[in-house]
Amino acid sequence: MARIGVFICHCGENIARNVDVDRVAEAAAQIPGVAHAESYRYMCSDPGQRKIREAIVAQGLTGIVVAACSPHMHENTFQNAVEGAGLNRYLCEMANLREHCSWVHSDREEATSKALELIAIMVEKVKRNQPLAPIRVPMTKRALVIGGGIAGIQAALDIANAGRDVVLVEREPSIGGHMAQLSETFPTLDCSQCIMTPRMVEVKNHPRIQLYTYAEVEAVDGYVGNFTVTIRRRARSVDESKCTGCGACTQRCPQKKIASEFDAGMGQRPAIFIPFAQAVPNLPVIDRTRCTMFLKGKCGLCAKACPAGCIDYEQTDTLVTEEVGAIVMATGFDVQPPTLYPEYGSDPDIINGLQFERLLSASGPTAGEPRRPSNGEVPRSVVFVACAGSRDPARGVPYCSSICCMYTAKHALLYKHKVHDGQAYVFYMDIRAAGKNYDAFVHRVIAEEGAQYLRGRVSRIYRDGDQLVVRGADTLSGTALTIRADLVVLATAVTPRPGSDALAQKLSVPYDAFGFASEAHPKLRPVETNTAGVFLAGTCQAPRDIPDTVAQAGGCAAKVLALFSADQLEREPVVSRVNEATCVACFDCERVCPFHAPEHRELRNRAGDLLRVVSHINEGVCAGCGLCVVTCRSHSIDLAGFSDEQTFAEIGALAPF
Amino acid sequence: MSVAFYPGCSLHGTGNDYAQSAHAVCQRLGLDLTELEGWTCCGSTPAHNTSALLSVALSAQNLRLASDQQRDSLVVACAACFNRLRSARHEMAHDEVLRGRVEHVLEAPAPLDVRVDHLLELLLDTYGLDALAARVRRPLTGLKVACYYGCLLVRPPEVMAFDDAEHPTSMDRVLAACGAETVDWPGKTECCGANLSLSRSDIVVSLVDRLLDQAKRAGADVVAVACPLCQANLDVRQTDVTAQTGHRYDLPAVYFTQLVGLALGAGADELGLDKSFVDSRPTLAGWLS
Amino acid sequence: MPTASDIASEAALAFRARIEHLSGQTVSSCYQCGKCTAGCPVASEMDTDPARVMRLVQLGARERVLRDEAIWLCASCETCVSRCPQACRLPRVMDALRAVAEQDGYARDNRGAALLNRLFLAQIRAFGRVHEMSLVAGFNLASRRPLRDVTKGPSMMRKGKLHLLPQRSANLPAVRRIFERVQELEGSET
Amino acid sequence: MSTETLLTPSAPDTATWKPRLVAFVCNWCTYTGADLAGTSRTEYPANVRIVRLPCSGRIDPHFIIRAFEQGADGVLVSGCHPGDCHYTAGNYHARRKFMVLHALAEFLGIEPERLQFSWVSAAEGRKWADVVSDVVAGLLRVGPVQPTWGGAGELPVRSLSEPPRPVPEPLDVVGELRATAQRWLSDCRVDVFVGYGQGSLPGRLRPAFITSPDEVDQLVWNEHAVNNLATYLTRGLVKRHGRVGLLVKSCDARAVVGLLQERQIEREQVTLLGVPCIGVEVDGALAPKCHTCDSAWPALVDEVLSAEVPLTPVDGEGLAAEIAWVEKMSPAQRRAWWQAQFDRCLRCYACRAVCPLCYCSQCIADQSRPQWVSKSSDGRGNLAWNLVRAFHLAGRCVGCGECTRVCPSNIRLDLLNAKLAQVVRDEFGYVAGGDPDLPPPLTTYLLEDHEEFIR
């Protein structure tokens with residue numbers, strides 16, 4: 001016989017103002033099965049929780065309904081309280097009298113009667129709740145990190161240094177990511193490569209890190225603690241075991257005029273190339289789409305040049321399989337090309353911020369001297385345009401790319417440092433400089449370095465002879481103005497790396513309309529995803545700067561290590577279960593499950609003869625969405641915590657209103 | 001397809017050389033350009049300045065006439081009228097409330113069965129560039145033309161859906177088919193000041209000054225236009241530009257139809273080349289047989 | 001100058017709502033990026049640039065914006081519209097401001113665009129079409145600058161570009177009816 | 001005679017009547033969105049009761065039916081916007097199910113105002129309030145559920161647009177049929193051959209299970225071979241006998257495809273003998289399904305009997321014409337029409353027994369914890385049963401028409417099935433019984449599936 005306790009919270013005045021809590025408590029006590037009903041000013045407070053615990057013990061309650069705020073607010077609080085009194089935590093339900101009632105209905109009479117019904121509904125549900133126990137599964141204590149930029153490197157090093165093995169997969173021929181491309185970093189003006197390169201080397205030499213470059217994740221199977229990952233190692237056409245990185249092959253290559261990816265098109269590279277001098281691993285790769293040998297079937301100059309004989313035109317992609325227990329997604333970002341706006345046109349002297357980084361970088365194609373792509377001259381006047389694609393719902397992306405204000409200020413400063421008599425103009429909409437010492441940095445650029453900041457957007461850019469005419473506005477003075485510039489640098493929008501959406505699908509991680517991977521909770525679970533065991537580091541989740549990325553990567557490492565710290569995995573028990581007796585093995589559940597949780601289970605008799613094959617939900621994988629439950633025509637599947645019976649009971653309590 | 005020509009008030013007045021040359025071109029190409037019977041003013045800027053409903057209703061009235069006269073399309077030469085008529089159609093199609101109000105005013109269903117096309121679209125899409133090139137008698141070889149589209153042909157892009165709003169090429173392609181060399185210049189879609197011509201001619205003068213300067217520096221012999229208001233500003237105001245700024249351009253502003261007509265073999269008088277303030281005939285002498 | 005209380009007042013909010021309603025544009029979505037001003041061909045002639053006009057409407061600074069010459073200078077070239085990151089059709093806001101200025105009597109003394117609008121529409125009402133010569137003449141007279149462009153008229157006439165007598169559209173009654181019914185409908189709504 | 005209606009009517013006092021709206025919402029988006037409406041203090045009508053479920057994919061059509069049974073005036077179903085699903089794809093699957101349910105409800109004459117769908121994200125507190133206000137306003141417009149009895153009796157059960165047609169003379173294939181069955185059994189290619197045998201009543205055939213080559217003379221074939229033999233193709237049959245030989249008409253073969261898709265039978269366990277068919281008889285005339293059948297030859301076979309098939313043009317509109325006829329009625333009329341049909345249901349479950357795709361070992365109609373369908377033959381249980389049956393066959397029914405043929409009460413189950421087949425074809429581009437390798441349409445989705453019916 002059910003003995004349900006109902007605890008009604010006043011939430012100070014928040015509920016009590018519009019709901020007659022005393023009347024509700026009186027009426028709730030009359031609901032069949034309710035053994036105890038009371039109201040209190042703050043149920044979530046210590047004394048409030050104590051009331052619940054005491055009532056459970058004193059009255060021998062079998063289920064609890066806390067009628068208070070949203071379960072998203074305090075379900076955990078009350079489940080803990082219930083557990084403290086020795087009752088299973090899943091025998092506690094919440095009726096949402098605040099967000100769904102008192103805050104949205106001002107008619108006290110209506111709100112009061114609705115409140116009572118909401119309680120009645122939850123009473124009927126909780127009567128049918130079952131005690132549930134957390135699910136335990138074994139795991140592989142080894143992590144996969146996808147992406148070898150600063151986020152992936154940091155996460156891999158943190159995990160490896162804590163004594164766990166890491167597999168690091170990088171798509172490009174070298175790790176380093178965008179940070180290796182940068183000139184200097186704001187606001188301290190550290191040389192980016194100087195602080196990045198040692199980290200890259202550390203990764204390469206770390207005994208606990210297995211590094212795959214020029215490789216991609218092909219498939220992900222399994223579930224938290226037990227992922228099986230298939231990695232495609234693309235053919236470098238170079239035997240890694242023999243190559244010494246001497247570079248003789250790259251010098252002999254007849255194709256020298258290929259736009260360098262590392263230099264963002266500002267420099268050139270051969271068809272066999274080492275992306276940059278400090279590349280890790282320091283190995284060349286043949287770009288088969290541009291190599292004469294692959295296009296025309298003859299050349300072979302690099303093979304002749306190689307003293308170690310390691311050029312291998314026949315090499316093929318290979319697939320390797322790795323078992324891991326956790327995955328860190330750190331696929332990074334891209335910046336849009338500087339050709340988004342037709343009113344800006346496309347002109348060699350209109351470049352984006354990343355291209356300007358390469359022009360400013362000592363390792364760049366101009367050895368750090370800013371030069372105009374059109375004619376190689378040093379620009380005397382540079383216009384920087386912030387928000388060139390960001391915060392533009394009509395034609396760009398609606399979000400703020402977060403890093404542009406700061407790197408544009410840095411660009412203006414570095415330009416002024418290198419071209420003392422040059423003039424830098426910065427068009428901006430708002431200066432978002434919320435990091436440590438950031439605002440002071442921007443102020444320094446404006447006040448001390450003499451960059452002319454103009455508050456407004458640029459409407460049009462066109463070429464006039466040797467120069468570009470930039471028509472913008474300064475809204476602070478309310479003037480439209482025209483600037484003649486030698487170079488225009490657009491702070492184009494930060495977007496996720498192409499293909500990261502496909503990877504997110506493989507990992508069953510949701511992503512937003514722009515392709516940024518979605519975290520489990522924007523405030524409280526910012527590095528977790530809704531797929532257990534998959535974590536997000538860096539800009540694959542949202543645009544952010546280096547310190548934030550490093551911090552988030554560290555957070556990922558901590559989450560991975562925490563996961564690995566237990567002997568076995570523990571999971572929320574809201575999972576589907578199959579009634580094997582009635583399962584007709586159509587396996588529609590398998591077809592619909594986004595997580596591949598349903599498996600085929602063979603039922604055998606004692607002699608070992610196969611009787612039937614039925615569906616079995618792997619509890620370690622099941623995320624508890626209940627899609628299989630609805631799909632199953634024989635209703636042989638049910639969802640713990642949201643069972644058919646519970647839901648029917650809730651509906652049954654609805655009428656009459 | 002049955003079309004009716006909507007001239008608009010200007011083509012019966014200051015822009016009659018545009019009308020004249022458009023008719024000459026279409027006659028030579030065998031395109032029917034019968035005027036819409038009983039057409040009325042589209043309302044132009046003053047109407048939409050005053051009431052959005054009035055503006056759409058005045059334009060819709062002409063679409064209604066075309067519909068009643070069983071026309072599939074209304075062909076417009078004046079960029080301003082074109083803009084009003086196409087906008088009216090667009091707005092009625094996309095805003096149900098407005099459509100209802102217009103229907104109330106017109107006391108008739110909204111005439112959405114009639115398309116609105118610009119004369120350039122007629123030449124490009126209906127007639128075709130190859131067919132046009134085949135009819136050219138006197139290729140305009142060597143003539144450098146700055147095509148000026150102005151505002152109302154191309155903007156707003158979502159409504160007009162005419163070419164690329166920032167870098168349109170329709171007129172360039174038509175004139176290139178006639179053998180002319182069109183120049184790339186930054187003024188293509190910059191504003192000439194439009195009807196500020198009457199109330200604030202000083203503004204128009206400075207805008208026209210910049211446009212002429214850009215066209216001249218791009219090496220243009222003539223500026224080609226598709227709007228009587230643009231033509232008037234670029235042509236008539238040149239003396240004011242000189243008076244106000246001291247800059248002297250002597251750059252003829254002609255209708256693109258005048259150039260097409262020329263290539264098709266029409267004479268100066270037939271095309272109304274005598275009617276502009278900056279005489280284009282000396283520049284075009286080589287093609288005037 | 002509006003005071004803080006003017007800006008926050010109900011009248012200010014009502015003004016903004018009226019302009020938003022008439023223009024069909026969400027004025028409050030403007031975040032003052034200034035791209036409209038940057039591309040505007042006449043911004044340099046305006047005391048209050050287009051972005052700032054939007055700001056004044058956001059604030060509901062009715063007096064100031066309706067008296068501002070800027071609203072009569074917009075050439076409806078739509079350059080701002082095609083480039084606005086918030087897809088706002090600013091010329092519609094300008095139209096709405098002009099209509100309100102006209103209705104509420106702020107344009108009575110305007111000898112520029114407002115005057116031209118009135119004369120232009122009067123011609124449509126009279127003939128169904130616009131007769132350029134009498135429009136120009138009427139405008140010059142009413143704006144008390146009868147000699148403006150005086151040299152251009154005879155020359156235009158010689159070139160056959162101006163007709164002495166206005167044309168009358170066969171559908172003049174239909175046009176008059178449109179004016180009446182618009183007035184009726186809009187009058188019933190205010 | 002039942003006096004209950006499709007939707008249980010309230011006995012409302014119209015002056016004080018307040019619509020009752022039940023909302024089934026997902027935990028992550030809409031429930032949180034409703035929380036946000038609260039935190040933002042956005043007022044909306046108090047008529048709504050929220051039932052929280054993890055995902056819109058967990059919202060079972062039965063819940064909706066039950067809510068109406070409990071006296072709800074309207075049901076609102078709401079989940080995450082496409083792309084936002086906490087479980088990545090739950091809402092995409094739900095969208096397909098809701099599409100079918102929406103069409104079914106409309107076909108049954110349930111006013112669209114009563115069953116509404118929306119996507120409300122966690123950030124859309126305002127939208128939640130607006131949706132609820134709007135739906136409640138819609139319910140106020142349509143008013144309380146009205147009793148529908150009276151008037152329905154005048155409506156014919158069948159449209160008269162398609163007059164009965166004569167049954168053609170059957171093709172003479174019996175000899176080859178018996179020889180083939182004999183060969184298969186003698187060669188041990190099959191362990192049992194399922195075909196038609198002479199029934200006890202004249203003009204009636206019964207299924208014949210032949211296990212010995214000597215018995216093949218029991219096999220017959222004529223225009224009375226209307227039964228769908230795929231119904232007997234079960235795991236039990238395979239278990240009892242081993243490999244099965246099955247005689248299939250083109251419609252039967254389509255059902256076999258369904259069984260293969262749903263893994264009720266392995267392809268190598270069954271050998272199909274196709275019989276060319278130019279029409280079978282029901283009630284003395286050509287069976288309705290044959291009017292629109294465009295194939296005498298079954299698509300999925302291992303061997304086929306030879307015969308010269310006369311070309312007969314497919315000129316009937318068949319059920320499409322009747323569906324259009326039903327859809328031309330007003331919603332209230334439609335509801336009354338269906339009501340009159342469902343009222344006659346005896347709950348004999350002959351439809352279930354005869355359907356080749358109703359193969360569950362325990363039907364939910366027989367379950368009692370929870371009780372999915374009221375077991376008594378009253379308006380409530382009858383509605384639920386018929387809805388559930390139709391919904392379960394959506395995207396699966398191959399249109400063999402057997403359910404309707406065996407229904408002792410002449411309920412037009414074929415129309416329900418055909419309507420949903422239309423929806424599945426038009427919306428998902430899928431026709432049941434075609435390609436055994438395709439996933440059934442309600443177990444898959446496309447990102448671009450239509451969702452115009454969702455707010």
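Start with domain 3 and domain 4 of chain A: their centres, taken over C-alpha atoms, are 32 Å apart. This is a predicted model, in which local features need pLDDT of at least 70, side-chain atom pairs count only at pLDDT 80 or more, and totals for chains, interfaces and linings use all residues. Residues are numbered from 1 along each chain as its sequence is written, chains are lettered from A and ligands numbered from 1 in the order in which they are written, and side-chain values use heavy atoms, with hydrogens and water left out.

**Stop 1: two domains of chain A**

Select 248-305 for domain 3 and 334-495 for domain 4. These bounds come from an automatic or database domain assignment. Five residues of domain 3 and eight residues of domain 4 make the contact (heavy atoms within 4.5 Å).

Now pick A:Asp263, A:Ala264 and A:Met266. On the domain 3 side, these lose the most area to domain 4, together 78% of what that side buries.

Which residue forms a salt bridge with A:Asp263? Select A:Arg358: the closest N and O atoms of this pair are 2.8 Å apart. A salt bridge here is a side-chain nitrogen of Lys or Arg within 4 Å of a carboxyl oxygen of Asp or Glu. The count between domain 3 and domain 4 of chain A is one salt bridge.

**Stop 2: chain C against chain A**

Show chain C beside chain A. The contact takes 19 residues from chain C and 24 residues from chain A. About 1,500 Å² is buried between these chains, and carbon and sulfur atoms give 49% of that. Highlight C:Lys35, C:Ala38 and C:Arg83. They supply 34% of the area that chain C buries against chain A, more than any other three residues.

Zoom in on C:Lys35 and A:Glu343. They form a salt bridge, with the closest N and O atoms 3.0 Å apart. The interface of chain C and chain A has one salt bridge.

**Stop 3: the disulfides**

How many disulfides does the structure hold over all chains? There are two. A disulfide is counted when two cysteine sulfur atoms lie within 2.5 Å.

Select A:Cys191 and A:Cys194. Their disulfide spans 2.3 Å from S to S. The link is right-handed, with 80° about the S-S bond.

Finish at D:Cys29 and D:Cys80. Their sulfur atoms are 2.3 Å apart in a disulfide. This link is right-handed, with 100° about the S-S bond.

How values were computed
Buried area is the accessible area (1.4 Å probe) that two parts lose on being put together, summed over both.
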